[in-house]
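Please look over the sequence and the structure shown here before reading on.

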Amino acid sequence: MLKVLLLFTILIIGVVLGPMLSGHQGYVLIRTDAKDIETSITGLAIMFLLLQFLLIFIGWCYRRLKRTSTFTHSWIFGGYKRSQARSQTKQALLKLAEGDFKQVEHLMTRNIDHAEHPVVNYLMAAEAAQQRGDYFRTNQYIERAAEVADKDQLPVDITRVRIQLAQGEIHAARNGVDKLLNYAPRHPEVLRLAEQAYTLSGAYQSLIDILPSIMKIDLHNEDEIIKLRQQAYAGLMNQVMAEKGSNGLKIWWKDQSRKVRHDIVLQVAMAEHSIECNDHDTAQQIILNGLKQQYDERLLLLIPHLKTSKAEAVQKTLAHLSKQHGATPLLNSTIGQVALRHGEWASAETAFKAALAQRPDAHDYAWLADAFDRLQKHEEAAQARSKGFMLTLKRDSDIES
């Protein structure tokens, strides 16, 4: 406005002073039916410029007045609705704590266009609708949130996957987390959802692939990470065994890293799978190698289930373990079971007696009785069975009490 005023001032000065300095202002006659108007060219120019300035000033006043009116209306009515939206959002959060999801949905969607962050309201309304089992409204709110969010789609996609998992749409959730990991590979909630989706869908290799990222952001402690890795590899074993059988499982195991093959839990799982596939030689090799690396009773418990002609290797390993770690009750019992399986009745009697001297066990009494029968010691066999039977009755009564 000031620029326009300055421009007109310069023009007026130029029009007025120009003719005055030259001494020739000119003459203008305007004649109507009732009146004649006489003036100079300079005066006519001044009146024209003043009229233009007046029109511009009136236009400026009109625009200013209209802008003020719009602002006032927006401040009075829009401010009230924004205030209402804030209040209703706070009420919805309280209802969420109470578990009243119907009210949460209702309050979150009232005056939602005037909320500070409409996308948040839509997402919370979607969560509330999902809790109520209204999947149609849930998807509706998610779509509206995606429209409002514009370029910031990450919270919308995360909420969508979370709801899909809650609704049991596992494969849709799996597809969703695959996309999320492309542009938010270390987001804690994305990784948490990916862990859940991959576990439920049986995508164990994908779960193994994201474990380093889960470890880096401390989503789980070290023990939980180890347990999760073991579960993933155990699931992978099941898949390989189901798809490729015993030979495929054996090849897969050889292709794994040393760290995986030396994991006791995985050694136990692999040996169990091999026994299940009737591949006792592979199971024996895994068990004996594992016991050489580390004495673990979980591997020891599998030895009696082996059906192999190579008993010498097993007995040699058990004798070595007995010297190295001492004759524990389980080790003596295992030696006795192996001897019993291969017809070494006297050795079995000695081993079971040693185990029972360390602790009473109904199973060992039963196996000792079998060894006595083979040795034609029927009276001792009856006494052993009686002791085992009494021990079983005592254990059952203790459990019931």
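What follows goes from the whole model to some of its parts.

## The model as a whole

This is a predicted model, and its secondary structure comes to 19 helices and 2 strands. Of the 401 residues in the protein, 37% are buried. Among contacts between residues at least 6 apart in sequence, 50% join residues at least 24 apart.

## Confidence

The average pLDDT of the protein is 82, and 78% of the residues score at least 70. Confidence is lowest in helix α1, which covers residues 2–22 and has a mean of 61, and it is highest in α8, where the mean is 94. Over residues 73–78 the pLDDT is below 50, and this stretch has 3 contacts in the model beyond near neighbours in sequence. Where pLDDT is low, the predicted coordinates should not be read in detail.

## Helix α8 and its surroundings

Helix α8, the element with the highest confidence, runs over residues 188–201. From its first C-alpha to its last, this helix of 14 residues reaches 20 Å, which is close to the 20 Å expected at 1.5 Å a residue. The helix is followed by G202, a residue whose phi is positive, near 75 degrees.

The buried residues of α8 are E189, V190, L191, L193, A194, E195, A197 and Y198. Their packing partners are four other helices, namely α6 (154–166), α7 (170–183), α9 (204–216) and α10 (222–255).

## Aromatic pairs

A search of the whole structure finds 3 aromatic pairs. In one of them, the rings of Y233 and W252 have their centres 6.4 Å apart, and their planes meet at 50 degrees, so this pair counts as tilted. Both Y233 and W252 are buried.

A further pair is formed by W252 and W253, whose ring centres also lie 6.4 Å apart and whose planes are at 40 degrees, so that this pair is tilted as well. W252 and W253 are both buried. Taken together, the ring pairs link Y233, W252 and W253 into a cluster.

Q284 lies in helix α13, which spans residues 280–293. Leaving aside residues up to four places away in sequence, Q284 touches L306, T308, K310, A313 and V314.

D364 belongs to helix α18, which covers residues 362–374. With a relative accessibility of 1%, D364 counts as buried. The side chains of D364 and S333 are joined by a polar contact of 2.7 Å. S333 is also among the residues that D364 touches, together with F352, A355, L356 and R359, when residues up to four places away in sequence are not counted.

## Positive phi in two loops

Most residues other than glycine have a negative phi, and most peptide bonds are trans. Against this background, D218 has a positive phi of about 55 degrees although it is not a glycine. D218 is placed in the loop between α9 and α10, and at 63% relative accessibility it counts as exposed.

Q376 likewise has a positive phi, of about 65 degrees, without being a glycine. The position of Q376 is in the loop between α18 and α19, the latter covering residues 378–400. At 59% relative accessibility, Q376 counts as exposed, because exposed means over 50%.

## Cysteines

How many disulfides does the structure hold? The structure holds 0 disulfides. The cysteine C61 is partly exposed, with a relative accessible area of 31%, and C277 is partly exposed too, with a relative accessible area of 26%.

Notes:
Residues are numbered from 1 along each chain as its sequence is written. This is a predicted model: local features need pLDDT of at least 70, side-chain atom pairs count only at pLDDT 80 or more; totals for chains, interfaces and linings use all residues. Side-chain values use heavy atoms; hydrogens and water are left out. Contact means heavy atoms within 4.5 Å. Buried means under 20% relative accessible area, exposed over 50%, partly exposed in between (1.4 Å probe, protein chains only). A polar contact is a pair of N or O atoms within 3.5 Å; within protein, one must be able to donate a hydrogen and the other to accept it, and residues adjacent in sequence count only if both atoms are side-chain atoms. The expected span of a helix is 1.5 Å times one less than its number of residues. A disulfide is a pair of cysteine sulfur atoms within 2.5 Å. pLDDT is the predictor's confidence in each residue, from 0 to 100. Rings of Phe, Tyr and Trp (its six-membered ring) pair if their centres lie within 6.5 Å; planes under 30 degrees apart count as stacked, over 60 as edge-to-face and the rest as tilted.
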